[in-house]
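Hello,

Here is the structure for you to look through. My notes on pockets and on one helix pair follow.

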Amino acid sequence: MTTATLTHEHIRAGIEAYPAEWISSVVRIEDPDRGPVPFRLWPAQREALAAFLSHRLVIVLKARQLGLTWLTLVYAVWRMLTRPGYRVTVLSRGQEEAREVIRRAQYVLRWLPSWCVVHGRARRGVPGWDGTTERVTIEHPSGEVSVMQAFAASPDAGRSFTSSLVIIDEWAFQQYADDIWSAAYPTINRPDGGQVIGISTGRIGTLFERVWQDAQAGRNGFRPLFLPWHAHPGRDSAWYEATKRDLPQTYRAEYPSTPEEAFTVGEGAAFAEWDPLIH
């Protein structure tokens, strides 16, 4: 059976059954230097995707520039393509960050093959996507619509929308984090579904740190996942030593080797010369 003779139901079932293979084979993301590039998942990204697929609540503590925002958005697009009526709420640090999230989601959709999705209205049994600077919609052949909306951090962000998935991007750096969590969690707190993915680098004295510590201790329902600096296959010890020289005060926070490093230095440290190995 060729792609041309497959029904949308067959295609959707195949995409839903093999998300990692679908991502690696057809998804393209934006490289600042090379433009659209295939999203070849690293082992750490595959581990994160497996956590997204298996757990209702996931908190990711990570080093900088590991592609986790791209991965989380691609996961959300995959859900929107395979589940008519799926609703995604993204909570970002500010308005510009919220618009960037939506731009990235549209970038992913724009580069998907036409047997997955087309721009505009659904046609010939294939879903159609459209969007604004703050919203992405996918119209399914059945007429149902999946929606992604992004909001800047505010005390009531996301309160009015019942969500299938809430993504909290750079959670440790969001103003009103406690208010946002109190408003957002009830929108997914249903016995039969609802998911939260919170991702961030570390920052001392934040709600993100408290949720992470409680997750590690088993005091909440979150699955904790840590991605160190060397999760990127292109980074080696020479790269790390050069980074330490260039960022002597903040390299542990920005590129931690352990969860403890992520929360012991950087913003919030009392003294720049503080060293956990000495003090």
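Pockets and a helix pair

The largest pocket in this predicted model has a volume of about 1100 Å³. It is lined by 39 residues, and those closest to its centre are Gln65, Leu66, Gly67, Trp70 and Arg104. Strand S1 (28–31), strand S2 (35–38), H4, helix H5 (95–110) and helix H9 (251–254) are the elements that contribute two or more residues to this lining. H5 gives the most, with five residues. By class, the lining of the largest pocket has 13 nonpolar, ten polar and 16 charged residues.

The second largest pocket has a volume of about 160 Å³. Its lining consists of Phe52, Leu53, His55, Arg56, Tyr75, Arg79, Arg83, Tyr86, Ser164, Gly193, Gly194 and Gln195. At least two of the lining residues come from H3, and at least two from H4. Four residues of this lining are nonpolar, five are polar and three are charged.

Next, the helix pair. The axes of H3 (residues 43–54) and H4 (residues 68–82) come within 11 Å and cross at roughly 40 degrees. H3 is therefore oblique to H4. Their crossing is right-handed. On the H3 side the contact involves Gln45, Ala48, Leu49, Phe52 and Leu53; on the H4 side it involves Leu68, Leu71, Thr72, Tyr75, Trp78 and Arg79. Sorted by class, the contact of H3 with H4 has eight nonpolar residues, two polar and one charged.

Phe52, Leu53, Tyr75 and Arg79 belong to this helix contact and also line the second largest pocket.

Regards

Methods. Residues are numbered from 1 along each chain as its sequence is written. This is a predicted model: local features need pLDDT of at least 70, side-chain atom pairs count only at pLDDT 80 or more; totals for chains, interfaces and linings use all residues. Side-chain values use heavy atoms; hydrogens and water are left out. Axes are lines fitted to C-alpha atoms, for helices over the stretch in contact, and angles run from 0 to 180 degrees between N-to-C directions. Helices (H or I, at least four residues) and strands (E, at least two) are DSSP runs, numbered from the N terminus. Angles under 35 degrees count as roughly parallel, over 145 as roughly antiparallel, 65 to 115 as roughly perpendicular and the rest as oblique. A crossing is left-handed if the near helix is turned anticlockwise from the far one by less than a right angle, and right-handed if clockwise. Contact means heavy atoms within 4.5 Å. Ala, Val, Leu, Ile, Met, Phe, Trp, Tyr, Cys and Pro count as nonpolar, Asp, Glu, Lys and Arg as charged, and the others, Gly among them, as polar. On a 1 Å grid over the protein atoms alone, a cavity is a set of points where a 1.4 Å probe fits but cannot get out, and a pocket is an open set with protein on both sides within 12 Å along at least five of seven lines; lining residues have an atom within 4 Å of a point. Grid points are joined across faces, edges and corners, and a volume is the space filled by probe spheres set on the points.
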